[in-house]
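Colleague: Could you walk me through this one before I set anything up? I'd like to start with the charged side chains and then move to a pocket.

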Amino acid sequence: MPEATQTRHEHHGRYPQAASVEDFRRNLARVRARMDAACRRAGRDPAGVRLLPVSKTKPEQSLRLAHAAGCDLLGENKVQEAAAKWQAMQDLGDLRWSLIGHLQTNKAKLAARFASEFQALDSLRVAEALERRLQIEGRGLDVYVQVNTSGEASKYGLAPEQVAAHLHALKAYPALRVRGLMTLAVFSAQAQRVRQCFIQLRELRDRLRQDAPAGVGLEELSMGMSGDFEIAIEEGATVVRVGQAIFGARPLPDSHYWPHADTQATS
Ligand SMILES: *Cc1c(COP(=O)(O)O)cnc(C)c1O
C-alpha cells in the first residue's frame, strides 16, 4: 500500500462555500478525481468506492443545489436535523437520507420513518428500538456497525472486541440489513496514526467475515472524510463520507459535533 499519502487536515474549516450548482459539480468532480487517484494507487476499481456527501449543518438551499448537481443520498449526523430537512424536501422524490451519527433510543422512532441507511449502530437497545418501529412502518434499513478504532473515549462505537457478539445478536432484527462496519479515524495530521485506524477496521472485517452469521453482510467499510478519505481508500474503504470538500467549511468546530474532538492538530 502507498505509505506517502498525507492527510488534508490543513484544509479543515477552510473550504469555500459551494453556492451554485456549478460549485457543487466542480467540487464533486474534484473529490471523485481524488478518489479515483487513490484507487489507482491501491490497484482498486473506482466503481468499488461510493461517495456519500455529508450535508450536516448546511441549509436547505445548499442541499437543493447539491441535489441538482446529482446527489440523491445525503449524510446527516443528527436525526432531528435530518428529519426537518426530509420534511422540507418532500418534493424531491428521489432524495434519500443516510444517518451517520450516534442515535439515542428515543429517536429511533423518528429515524425509522425516513432513513434509508444508518451508519452508526453501536448498541442493541437502539437496534431493538429501530426494529420495532421499522416493523410497524413496514420498512427495512441498511445498517453499519460503528467501531471505535482510535481508542478515544470521545468517539462513539463499539470496541473492536465487542463487534463479533454484536453481529450475532443482530440476527434477531431482520429489518436491519447489516452491510458492514463504519469508523472515524483519529483526527491527526500524522498519516500513519490515521492509516492505522483504517487498517484496524479492515482487518477486523476480514476476521469477522470468516464466520459471519448468515444474512449479516460485511462487504462494506465506511471510512474516510474530507481530510483523510484517500488514505481510507488505500486501506479498503468502500464508502467515504465527505462533507466540507463538497459543501464548504462548517461554521462550528468539530468539537461541536464530536465532544472533545482534537481540532488543534495540524502538523
Ligand atoms: C461530519 C462527518 C463526516 C464528514 O466530515 P467532513 O470533514 O465534512 O468531510 C464524516 N463522518 C461523520 C460521522 C461525520 O459526522
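**Salt bridges and a pocket**

Modeller: Arg50 counts as partly exposed, at 26% relative accessibility (buried is under 20% relative accessible area, exposed is over 50% and partly exposed is in between, with a 1.4 Å probe and protein chains only). This is a predicted model, in which local features need pLDDT of at least 70 and side-chain atom pairs count only at pLDDT 80 or more, while totals for chains, interfaces and linings use all residues. Residues are numbered from 1 along each chain as its sequence is written, and side-chain values use heavy atoms, with hydrogens and water left out.

Colleague: Which side chain meets Arg50 in a salt bridge?

Modeller: That is Glu117, at 2.8 Å from N to O, where a salt bridge is a side-chain nitrogen of Lys or Arg within 4 Å of a carboxyl oxygen of Asp or Glu. Glu117 lies in strand 4 (residues 117-121) and Arg50 in strand 1 (residues 50-53), so the pair ties together parts that are 67 residues apart in sequence; helices (H or I, at least four residues) and strands (E, at least two) are DSSP runs numbered from the N terminus.

Colleague: And is Glu117 buried or exposed?

Modeller: Glu117 counts as buried, at 6% relative accessibility.

Colleague: How many salt bridges are there by this rule?

Modeller: The count comes to 19. One of them joins Arg41 and Glu234, again at 2.8 Å from N to O, and it links helix 1 to helix 8 (residues 229-234) across 193 residues. Glu234 is buried at 2% relative accessibility, whereas Arg41 is partly exposed at 37%. Both belong to a network of salt bridges that also includes Arg195, Arg202 and Glu235.

Colleague: Switching topic, which element gives the largest share of the second largest pocket's lining?

Modeller: Helix 1 does, with 6 residues. The pocket holds about 230 Å³ of space, and of its 16 lining residues the closest to the centre are Tyr15, Pro16, Asn27, Arg30 and Ala245. On a 1 Å grid over the protein atoms alone, a pocket is an open set of points where a 1.4 Å probe fits, with protein on both sides within 12 Å along at least five of seven lines, and lining residues have an atom within 4 Å of a point; the volume is the space filled by probe spheres set on the points.
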